[in-house]
Amino acid sequence: MSYLRILFFLIGLSVSASAQQYFQFDYLPDLPPNSGYSIQPGLAGPYTGIDHDALILAGGANFPEALPWEGGQKVYYDEIFVLTHKQDGNYDWKRMEQHLPNRSGYGGAISTTNGLFCFGGNTATEILESTYFISYDPETEEVRVSPGPDLPHPLTNFAYAQVNNLLYLAGGVETISGPATQVFWRLDLSPNDISGATWEELESWPGPPRAFAVGSGQSNGVHNCFYLFSGRNVQPGKEVEILKDGYVYNPSLNTWQQIGTTDAFPLMAGTAFPLGTAGIVFTSGADGNLMLKENQLRKNIEILSGQSDPGALAKAQADLLTHLNEHPGFGNKLRLYSTTTGQTTIVGELPETGQVTTTAVRWGEDIIIPSGEIRPGIRTPKILKLSVNKAAGQRLTFWDLVVIAIYFGILGWMGYYFSKRQKDTDDYFKGGGRIPWWAAGLSIFGTALSAITFMAIPAKTFATDWSYFTLNMTIFLVAPLVILLFIPFYRKLNLTTAYEYLEQRFNLAVRLLGSASFILYQIGRMGVVLFLPSIALNVVTGINIFACIGVMGAISLLYTILGGIEAVIWTDVVQVIVLLGGALLSLGLIIAHIEGGFSSIVQTGIQNHKFNLIDLEFSLKQPTFWVMLVGGLFANITTYGTDQTMVQRYLTTRSIKSANQSVWTNALLSIPATLIFFFLGTALYAFFKAYPAELDPTFENNDAIFPWYIVSQLPTGISGLLVAGIFAAAMSSISSSMNSAATAYSTDFHFRFGWTSTVGPLKIARSATLITGLAGTGFALLMATWDIKSLWDEFQKVLGLIIGGLGGVFLLGILSRRATGTGALVGLSCSIVVQILVGYYAPVHLMLYSATGVLSCFICGWLASLILGDPSRIDPALTLAGQNKPIDREDKSD
């Protein structure tokens, strides 16, 4: 171990080994007896689910008189039981007068808008293809049974799960005591009325046929998928084959893939449910060993029955009875499979043995496991409730909070310090031209590298691979274009906002529309950048989400209002150092804790295809190389060429040369920063693959993975420093948004129209900062109940849909000598329509949203300019072709 690794190991101490209690257990009232019986031994194979906040349990089978090896007969039922939660907190079972069409069980059931959809199964004598809906009316406390879309043919003992709005059904048997099948069907549940829907037959998995398998839906990090586990393969004339393999079906790619080893999932006839964003929990399941032993004992009896050795036969029969009567059950361990790392860990223990041949049902925030089989031939009437304890995670200590408070205090002091240098709006908006190029470059870097990047890039590479790497590298490709196309105009015109150029090139309407769009975008961006990190911090630290938003918003407002753009830029410099330093420190600690260090992480990444950089497939819907390249170029041209938060940095430097140097500083920094954050995600993957028990399975948001590592694995004080790094990343972006939005309002509206006021321009600027900052913070608070799965995806979606058109209109003005003001307005209008359609129908990957916005605006605007407006009124010095010509200040806009 190198000295550096020893140092990091000592700083980080050791990996936490504290067990988390992720589940709490309770029992709801026992299932009442069926008609004609005084007791309820429990039911195997019932149709179970939720409708109108009531638990429905229907059908099923048991041995009411005696155990099967004691001569007991299996009885099927058609009764429907409903459990409701009363206002006084109690639960109440009610046996309905309405019955099922058949005495049946061992089918499937899923909640739909039509009611509880029950499908397939079998009676004592036949396999069913019929389906029906059980609808519960809470007013009358009665149920109604209505027919549904029949299966393509009879089927029972299959696995099934819902993925998005699609129901998948796999395996099973088609005849009584018949062979296992490779059936794989799908039904679309999205229509309001699915009673007339049609099942779709799909290509089956690349493995053996099976029945009594386990199905579950869950995300694989990119797409929501159908997972198929275990089961048994029974074929005529052959020994029963116990299956312990697993497969995943990706609906988006229409592909199957085997997961784990062939003996990784001993879960036959078990029960499973998805947990968080990447977990599947198995509450029960049989490994098949005792079943095989039972089969062997029965075979021995069959052999001895043909021989004249009554003593041996009696012993064999006694051995079988002992084996059956002493069956230990199906285990009580809760197993968690991570769809991201591919690891299975024990995450808890049930209070009693697990229940098989039943279904785990989500009822509100809880998981219900009703009745089922606990030993061969033995059922239970118990209704187990599992409550997910999302508060089981780590919490920041007092000293962590002290570190964060000190950091916030430093930022506030910086705002006060620079407030003394704010004499007028030139100081407030442009820093009086005093900002050195390297500080401006770091500020550009810090503004772009928000908390979304700090958390979302590691989360993305943790869950997937390096496909998005090309996207960040396009910043380096865009830098020369920004220097050639944009900066000369902004500096030559001595602008305060980029949108002043639009008025000089086109007309006032285009300027106002562009500026207003930018202001609204920045308010939304502030909301996103404040809200999304707050969700992740709330998940892993327990800090109230509203407190996270409020504190970051308030501190950013304080130093931005007081110190203007100078305070924003110099706090950005500090925050970039904290941000990158925190990432490097975390990376060093992970390397120190993994056996084999850096080389082991690389090897793990290679083995699990984590370093996939280039996918040359030509698809506009997948994150291929072409999508990343084209999408990144357009997104970054728009951001670095036309976004006021970036343009304002170019205008704070002393000269065009300094502005160009600031652009190159950001571009050059993006290379090592991208490598650090992408490799950090891969390192986190290797860490949690090596220590799977340390990964919290309850996350509802993948972006919490890096903060979770910080608070669960790092010592006191270091955790606080790195959480401060997350705050730093967020505040470096929102303070820039506050100042630039205030600049746009003050310059493009208030000062442009000469609106009178009793206060001076500097107070107007500070008031505008206050209002836009409060609006962004308020929007973040408003977003606090929204369900967002990926920070990176949502941020890129907003970026592309809103500001793509702005990039198009700037390029139209600079590149085309013929583009007119009227044409530009038409282009912007077309872009808005196109982006709405793109956002709704999603014909391309979200990384291409900026490209569709830019191209639709540019093409429509150029075509409209051919017939609308007078190109002779255009000043050629405001285009690239006439860049070196003197500018005609006379208004010639159409």
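Does Ser146 count as buried or exposed, and what is its relative accessibility?

A: First, a word on the model. It is predicted, so local features need pLDDT of at least 70 and side-chain atom pairs count only at pLDDT 80 or more, while totals for chains, interfaces and linings use all residues. Residues are numbered from 1 along each chain as its sequence is written, and side-chain values use heavy atoms, with hydrogens and water left out.

Now to your residue. Ser146 counts as buried because its relative accessibility is 16%; buried means under 20% relative accessible area, exposed over 50%, and partly exposed in between, using a 1.4 Å probe and protein chains only. Ser146 belongs to strand E11, which covers residues 142-147. Strands (E, at least two residues) and helices (H or I, at least four) are DSSP runs, numbered from the N terminus. Leaving out residues up to four places away in sequence, Ser146 touches Tyr132 and Phe133, where contact means heavy atoms within 4.5 Å.

Strand E13 (residues 166-170) and strand E14 (residues 184-188) are joined by 5 bridges in the antiparallel sense; two strands pair if DSSP finds at least two bridges between them. Leu167 stands opposite Leu187 in E14.

Helix H2 (residues 289-305) buries Glu294, Leu297, Ile301 and Leu304. Seen down the axis of H2, these buried residues fall within an arc of 90°, so they line one face of the helix; the arc is that of the directions from the helix axis to the C-beta atoms. Helix H3 (310-325) is included in what covers them.

Finally, the wider setting. The protein chain has 21 helices and 28 strands, and buried residues make up 60% of its 894 residues. The largest nonpolar core has 170 residues, and Phe23, Tyr650 and Met731 have the most contacts inside it. Such a core is a set of buried Ala, Val, Leu, Ile, Met, Phe, Trp, Tyr and Cys residues joined through side-chain atoms within 4.5 Å. Helix H11 (residues 545-593) gives the most to this core, with 23 residues.
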